[in-house]
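Biologist: Please take a close look at a single part of this chain. Start with the overall picture, then stay with that part.

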Amino acid sequence: MPMIHILPHTELCPQGDQIEAPAGTSICEALLENGIAIEHACEMSCACTTCHVIVREGFASLGEMDESEEDLLDRAWGLTPIRG
Ligand code: FES
């Protein structure tokens, strides 16, 4: 089962964490199911970007970004460039 390593976040997860998530589970769903209260204003209907996260490693294990996700990222705060 895929493992998600969560870096410390002062408000959401001060100590950091590691959680397992079945393949196909969204990161937002996995965080919420494990008690990490990430904002999700549109209830995960892909309309707002409040649930966006920064992925530092493991891009190969992510699904393809669809067109609506790509469009929404233009509105997301705190984006960082992909590190090569
Ligand atoms: S909660 Fe994820 S896009 Fe709105």
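Modeller: Start with the range of the contacts. Of the contacts in the chain with a separation of 6 or more, 28% are between residues 24 or more positions apart; contact means heavy atoms within 4.5 Å. This is a predicted model: local features need pLDDT of at least 70, side-chain atom pairs count only at pLDDT 80 or more, and totals for chains, interfaces and linings use all residues. Residues are numbered from 1 along each chain as its sequence is written, and side-chain values use heavy atoms, with hydrogens and water left out.

The chain has two helices and two strands, in the order β-β-α-α from the N terminus. The radius of gyration is 13 Å, close to the 12 Å of the globule rule for 84 residues, so the chain is as compact as a globular protein of that length. That radius is taken over C-alpha atoms, and the rule is 2.2 Å times the number of residues to the power 0.38. Helices (H or I, at least four residues) and strands (E, at least two) are DSSP runs, numbered from the N terminus. Of the 84 residues, 20% are buried. Buried means under 20% relative accessible area, exposed over 50%, and partly exposed in between (1.4 Å probe, protein chains only).

Now the part itself: His52. His52 sits in the loop between α1 (27–33) and α2 (67–73). Its relative accessible area is 17%, so His52 counts as buried. What does its side chain meet? A polar atom of the His52 side chain lies 2.8 Å from the backbone oxygen of Thr49. The backbone oxygen of Trp77 lies 2.6 Å from a polar atom of that side chain. These are polar contacts: pairs of N or O atoms within 3.5 Å; within protein, one must be able to donate a hydrogen and the other to accept it, and residues adjacent in sequence count only if both atoms are side-chain atoms. Beyond four places in sequence, His52 touches Ile38, Ala76, Trp77 and Leu79.

Take Ala76 next. It belongs to the segment after α2. At 11% relative accessibility, Ala76 is buried. With neighbours within four places set aside, its contacts are Thr49 and His52.

Ile38 leads on to the core. The largest nonpolar core has ten residues, Ile38 and Ile36 among them. Such a core is a set of buried Ala, Val, Leu, Ile, Met, Phe, Trp, Tyr and Cys residues joined through side-chain atoms within 4.5 Å. β1 (3–6) and α1 are the elements that give it two or more residues. α1 gives the most, with three. Ala30, also in this core, touches Ile4, Ile19, Ala21 and Thr25, leaving out residues up to four places away. β1 runs antiparallel to β2 (residues 17–20), with four bridges between them.

Glu43 is in the loop between α1 and α2. Its phi is positive, about 60°, although Glu43 is not a glycine. Glu43 is exposed, at 56% relative accessibility. Cys46 is not a glycine either, yet has a positive phi of about 60°. Its relative accessibility is 48%, so Cys46 counts as partly exposed.

Note on methods:
Pairing = 2+ DSSP bridges.
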